[in-house]
Amino acid sequence: MADLALQQQLDPVNPPLVLGERDYHGITKDVAQIGEGKTPKQWYIAIGITASITGILGLMLLYLVVNGIGVWGNNSPVGWAWDITNFVFWIGIGHAGTLISAILFLFRQKWRTSINRAAEAMTLFAVACAAIYPLFHTGRPWRAVYWLFPFPNPALDMWQNFRSPLMWDVFAVSTYGTVSALFWFVGLIPDLATLRDRAIANNDKLRSYIFGTLSLGWRGSAKAWKHYELAYMILAGLSTPLVLSVHTIVSFDFATSILPGWHTTIFPPYFVAGAIFSGFAMVMTLMVISRWALNLQHLITMKHLENMNKIMLATGTVVGYAYATEMFIAYYSGNMYERFAFYNRAFGPYWWAYWTMVSCNVLVPQIFWFKKLRLNIPVMFVASLLINVGMWFERFVIIATSLHRDYLPGSWGYFRPTPVDMLTFFGTFGLFLTLFLAFVRFLPMIAISEVKGIMPHGKAHAAHSEVAH
Amino acid sequence: MSSVDPTLVQLSPNSEPRKYWRSLDELANTPKFRDWLHREFPESASELVDDKSRRTMLKLMAASFGLAGLTACRRPEQKILPQSKGIEDYIPGKPQFYATAYTQGGVASGLLVECHDGRPTKIEGNPRHGYSLGSASAFAQASLLNLYDPDRAKYPMKEGVRMKWDDFTVFAQPHFAGLGQGQDLRFLVEPSSSPSLAAVKQHALSKYPGAKWIEYEPLNRDEAIAGAQIAFGQPLEVHHQFEKAEVILSLDFDFLGLDSPTILPVKQFSNARRVESKEDHMSRLYVVEPSYTVTGGMADHRLRSRAADVRTVAAELLKQLGGLTVLNGATTPHGRWIAAAAKDLKAHAGKSLVVAGPRQPAAVHALVALINQQLGNLGQTVTYTKVADGWRPQLEQLKELAADLAAGRVKTLVILGGNPVYTAPTDLALADKFKQVPVSILLSEQDNETAAVVKWALPETHYLETWGDALAADGTPTVQQPMIEPLYEGKSKSELLALLTGYKDKRPYDIVRNQWFASLPGDKEKAWRKALHDGIVESAPKAAPVSATPNAQKVSEAFAALKPAGQGTEVNFFASAGAYDGRFSNNAWMQEAPEPMTKLTWDNAALLSPATAKQLGVESGDLLEIAVGGAKTPMPALIQPGHADNSISISLGYGRTRVGRVGNGVGHNAGAVRTSDAFWFGSGSVAKTGRKYPLSHTQEHFSMEGRPIVREATLEHFHHHPDFAKHAVHVPKLFSLYDEHTYEKGAQWGMVIDLNTCIGCNACVVACQSENNIPVVGKDQVARGREMHWIRLDRYYSNDPNDPQVVTHPMACQQCESAPCEVVCPVAATVHSPEGLNEMAYNRCVGTRYCANNCPYKVRRFNFLEYHKDITEVGKMAHNPDVSVRMRGVMEKCNYCVQRIQEARIAAKADGRRPIRDGEVKTACMQTCPADAIVFGNINDPESRISKLRKQDANYGVLEELNTRPRTTYLAKLRNPNPELA
Amino acid sequence: MSQLFPRLTDKVLRIALGVVGLMAVTGGGVAAYLLHPEQVDTGYTPKQPIAYSHKLHAGDLGIDCLYCHTSVDKAAFAAVPATETCMNCHDRVKPQHPEIIKIRESYATGNPIPWVKVHKLPDYAYFNHQAHVTAGVSCVSCHGRIDQMIEVKQVEPLSMAWCLNCHRNPAASIRPAELVTKLSWKPDRDPAEIGREIIAAKNIHPPTNCSGCHR
Amino acid sequence: MSTAVVKDPQLYGVIGNFDSPDDLLDAVRAARAEGYTKMDAFTPFPIHGIDEAMGEKRSPLGYIVLCCGSVGLLGAFLLQWWTGSVAYPLVIGGKPLFSVEPSIPIMFELTVLLSAFGTVLGMFHLNRLPTFYHSAFNYSKFGGATDDRFLLVIERTDPLFHPEKTVALLDSAGSRHTELVEA
């Protein structure tokens, strides 16, 4: 610990990523204990609430399936509204997880280790929430299921239209979900083994069999680590272009159309930046809560939070730049429909949505120019919430305001959400949080073996851990 | 779902597989659930067979979805029930067309009705009939739905108790036998031109000389006839030749719209307006009117004027024309306008035409007669014919009846058709008076407000259910053939009258046949058959024009005697484009057909000008209270640009209390403030209630935003730059990244719509709705922007917001060759046919709505809910069996009536495999368009009409610059303004 | 530390996985076969109210299909004949036969005979007999050898894929229009060749686009 | 070297237990120096340089992934080409029946998907996962290997393996607790 303390003094710029007198065993203990101890009452209360919100989601979807899409506010011309808005919103949230676990990994960003596990979990849950919308926005999900995937159909002999960006979506989103899940599970294996062995040591039969099974008999043998590390590297390598492709393809849903306000070549980078932006905001929200709730301050340090704030500042500014470009190009194109579409965004019936978006996404992150605010937890918490609001509005603005007034004024309309719209969206948060709560309760929310891997090795601090455990 | 088997297909009651899934029977057998399941899993309902050895994926799916699904998982046993005895020349599944007659305002229009296996499904105009020429108005077409109205009067009712006809006859025969001279007998009858009814009437009146025969119709042409009475000393019916007229001035006469019972004026007018080459000319139309009508929409010069000020315009015009001066002192601010019009009219003496509307007082009509004489139009563009003897203004007759009722001079009242309690002026208070009558008998199609106050309410047959006849405006006898046996226990007017008065013939068929048979020339049987086939009795003499000269002296006296326009806000009463006078109140098609100008559905409203609105401090959606004399009625305000100031217009036929599930409580009753001395208009007052009232429009934005959508120019400009429309927007050389698909082989379908002749009358909308089983969605869904019409008439205002010009833009699927909708459909539910149709396979659609989003014309319609679920069994009889009924979650849109194309192709192939001839396929909209503004055909055939139209300079495609390559193109809109007023 | 699982676990697990995998594959194959329209939709043979034998009438007695199904070349529907048609012969032929008595009842009372529908197309599909028969598609192509059936049975799946099959290469099922009702027709040369000639002559091109059958 | 020692077939090997990665690495080097070849280590996290120390070869996983990836790429291409222009050619938006441009996204996605499966399943295969029963678990203090201990096993199959000598070697290398572990 001596050199740890020393290092702290020596290196105020790059403080260590693990604070306090922690050694390997200490880390194991800190992370594993979360699940091993008795379940706190607060947890039951929390999951009780979130589960009932999930119940609302279920009811709303049932109501939708029985009555049809008409229970939402969608209409002609606004064929897509909250459904696709929420889909893009949730998919976007997911991206930060993959980004942290994959891209930062490839860039050897050590600070990712203590947040990547939770971030990946968040990705999975966000994708789960997102997947609900494209499926249910048809009103008859069973049709979507058995006609959107290219099964052979001997009765009809019909196939899908693979030119449709929605078809690309089907592949992109399902691939994204699958790969993220694999990535996440592979990362979990060594920690599951750790939990297994601890369970055996405290001879907790149930846990030892559960984790014994889940960890597939992992032994951490040097030979295994060799393949494992390569596999992990490859998955990271695959996930990186994948995560970029997913939101690019989502943006194609709009970019390849001929609707003014949708038909824009800037969309792919713009969407990806937005996704990362919103994703980090969500990670921030969750991390601030869990490090406080599970007191992991020494593992999720200010440095982690500050880095994430810096990324939000960067991506937020990129998004702001995108808004400006859109406006300018619309003006510069000289195309009356383009010009109107963007004028209508800022000053049409939905002006409030547009300006909410701008202020939350462009103005709010600017506070992170100041180190003081970057390090102020309440500030960053509120900021992260605002950013998520703003990013939801970005999607709403792109979808609804472009649709409600397009080419022929005779067909113009206005979209108003119904309670069902709102409760469905609200419900997805229930699902998301329920899954996340279950995760933090039962699985190691911090990658134990990876954190150990980034600790400075040395005989010294193994000293006071006993041989005998 | 699928096609209806011609030989009646029924689900046999024992089709439930009780032998297995017994435990689930409860759930499984709730019919609602089963219907739903059949809707949602048509495959599972059909593909699967009754065989335990085979379980199918769909079965599992249905099972997993809802256990009860399993019942749907065997083939429901369907029965085929052929006739026991064959029917001569009837081929199951082949539609048959019969001629018949639709009567409105006592004037007949000839119809051709399409029947599928004995049920009328589509109404079209009879090409052989001089007043239809193949077209039918929206009302005539929608009358089909009245036949299948589930809330019709079905059985004889005595004070609300269901009876048998026998009960009635048992009561009636002795009663009428005991009426003696019939001193206290009154007949209140919906006016009719039916000769056969007239014959029975003669018989009745000869049997009861003391009885009185009163005719009343809430929207009548009495003022015009009375005007002739003044001018010519005899009551005459006026006829106009809009086709011959080069300059037309209309004084508050919506002759293209609701003021004409037939569509002939539209045909004539559009012929005079059609411009096909740059040499062509078109007539010029001046309109003076308070509210904005479709006629005003077509005007080259429109003068908005209170109805009461129209007379001064007329008088000033006569003065300008050098006729006598009847304007004592009164002046008009529109001198210049009138002067210019007068000059124009004079310049076209003999080829011009001045017309006045039925809402204008008799004196104005008389004055107009003078004007036309001054212009030498009498006998040229205006002719007069005699009306039936003993004509008296209906209002007069009705007042007299009211007086008799009040005095208790009426013991027996027979009401044949109509709904006087609802339609009569309020000050007559007929409802209470009717209650006092010892014996009151109503024969009516509707179970209406009048039925509520009479002793006996008898069901009347719909005109498609019984024999009858009527005269066209020129006296052409038009035969009304039944298409179907009476659905309920209805009887026709003449049938009942015959029953009551013991007429020689009892059956409607005999009454009608014997009316004509004797007079038929040559082989009478053959002639009769021909008459039935053609729908008209050609041999019968037409009404001869009366040549008479108007008496200026009488006219000026009458004019002077006109009661002056009152103070306060003027209240105008109009027929409504939806419910007409209330007879279409329970007709869902008409309720949902948007009002041509305001695009208002499921309501009427008080239309007022922006200025008046500002002055009163009201805005659209405010609930007003309108008072005329003592009477009051609530009415929502709706600002109508181009409306006359200090004047409001409200339409009749709404606020029904007893008509049926569709019409009850829809809108507000304008009739509540319609009094006998403010019958057409009068001065009243308007007050705000402070409450709001939601109005549902199908269009919310009326400005074209300077976009080149409807391309318009003056005739003059067109003569110099015939291709102006092509240059309204720069269309660069368009190319595709791909080597493009070409459509050269076989027929290539396309459509051209002439914006210059389209008047926006809704006929096509209703035709499309009827032909393609388009659901009605109701006020709430319309408010949410979910109306389903495949063709919509976009209405755009231009120029001065207070006094704008309007254009109509019919918009349906443009069948783009490179269709943006097709590319984005993930399941290939919408693809292109080799003949260039943008096809929509409903059963493939999963409902992502992406295609609709990507359609720049926004012509795709989505079934957001199960819009067909509330249709009654009898309502389903109106469905066209050649077109699928779409379920919820499915996208739909115009497909150029592909079912008609297919029928034509199969016919052509059976007929020696020849190609389809030009004009052999007509889309429903083209077929019925009164202005012949829609032309559909094969653009691959250089000789076809459409190819020629597409070659015209004025031809252009909307949003061509997007490279969508629309197959539907438009001919630019032209106006022919008077240079002096430019 | 003690072992969690017995020594044999992994062997057993791998064998089990292998077995499950094998079963999945074979099961899938079997299901795919059973669920194929060929299997699912054919073979439907409902009980008819009257034991009418097509074999006897169309086969042995050689009555032409058109004698009863008169509208087959005139309309979309090959109408089931009115009882009247039966009576043309049966007021003399076997008038006392119990089945015929049912027919005569129907004729006397005017109550239709409730025949049970055998050939049911998938929903949303519009089939037109006239178009096919006039083009030279024989009854046998869709209905099989009716003239050999005592009870009518569905022999073809009548599924979209099945229809497309023929619409894509019609030659094999096209014959001279006058022979469509000759179910036993056996040309002396390759029928497909004859089909091709007729197709060329009549320029027959069956639609494979949606609106060909769906409206 | 004497080969007198009888090797007990019930034996898995000798496991030594070290404090830190560095100790472990020293032990490995020592053993290699002695000429031992059949050895493996059990550590809570990957120890860099241990492969070289133990003389391990590079992992072949990359090739597996490459194959799977190419299958995905080709499969996606064929799927879109065949369904679009062979199985049921339909004119959609006047576009060609098949063209590469719109096929790229799905080709990419399927490549990634199959590569990912290849990676994970390949890794499982190379590591023989799952292996629920393993002799190493018989080591009394194996639990440390997933916590903070660094174990080194020298397997019985090693030609130089000798119950006493090998144990002695590991002890001398700083093992805190050396054990003979049965298979």
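1. Chain B and chain A bury about 4,800 Å² between them, and carbon and sulfur atoms give 57% of that area. Please keep in mind that this is a predicted model. The contact brings together 62 residues of chain B and 61 residues of chain A.

2. Which residues of chain B lose the most area to chain A? They are B:R707, B:R844 and B:Y850, which together account for 15% of what the chain B side buries.

3. On the polar side, 33 residue pairs are in polar contact across the interface of chain B and chain A, with both partners at pLDDT 80 or more. There are two salt bridges between chain B and chain A. One to look at joins A:D83 to B:R849, with the closest N and O atoms 2.8 Å apart.

4. Several elements of chain B give two or more residues to the side that touches chain A: the helices α2 (31–40), α3 (42–46), α4 (57–65), α26 (820–824) and α27 (850–853), and the strands β32 (792–798) and β34 (861–862). The largest share, four residues, comes from α26(B). By class, this side of chain B divides into 32 nonpolar, twelve polar and 18 charged residues.

5. Now to the contact of chain D with chain A. Here 73 residues from chain D meet 62 residues from chain A. The two chains bury about 5,700 Å² between them, 69% of it on carbon and sulfur atoms. D:F45, D:E109 and D:T146 supply 11% of the area that chain D buries against chain A, more than any other three residues.

6. How many salt bridges are there between chain D and chain A? The count is two. In one of them, the side chains of D:E56 and A:K223 meet at 3.6 Å, N to O. For polar contacts between chain D and chain A, the count is 21 residue pairs, both residues being at pLDDT 80 or more.

7. On the side of chain D that touches chain A, two or more residues come from each of α1 (21–34), β2 (39–42), α2 (50–54), α3 (61–87) and α4 (104–126) of chain D. I would start with α4(D) when browsing, as the largest share, 15 residues, comes from this helix. The residues on this side of chain D comprise 41 nonpolar, 17 polar and 15 charged ones.

Methods: Residues are numbered from 1 along each chain as its sequence is written. Chains are lettered from A and ligands numbered from 1 in the order in which they are written. This is a predicted model: local features need pLDDT of at least 70, side-chain atom pairs count only at pLDDT 80 or more; totals for chains, interfaces and linings use all residues. Side-chain values use heavy atoms; hydrogens and water are left out. Contact means heavy atoms within 4.5 Å. Buried area is the accessible area (1.4 Å probe) that two parts lose on being put together, summed over both. A salt bridge is a side-chain nitrogen of Lys or Arg within 4 Å of a carboxyl oxygen of Asp or Glu. A polar contact is a pair of N or O atoms within 3.5 Å; within protein, one must be able to donate a hydrogen and the other to accept it, and residues adjacent in sequence count only if both atoms are side-chain atoms. Ala, Val, Leu, Ile, Met, Phe, Trp, Tyr, Cys and Pro count as nonpolar, Asp, Glu, Lys and Arg as charged, and the others, Gly among them, as polar.
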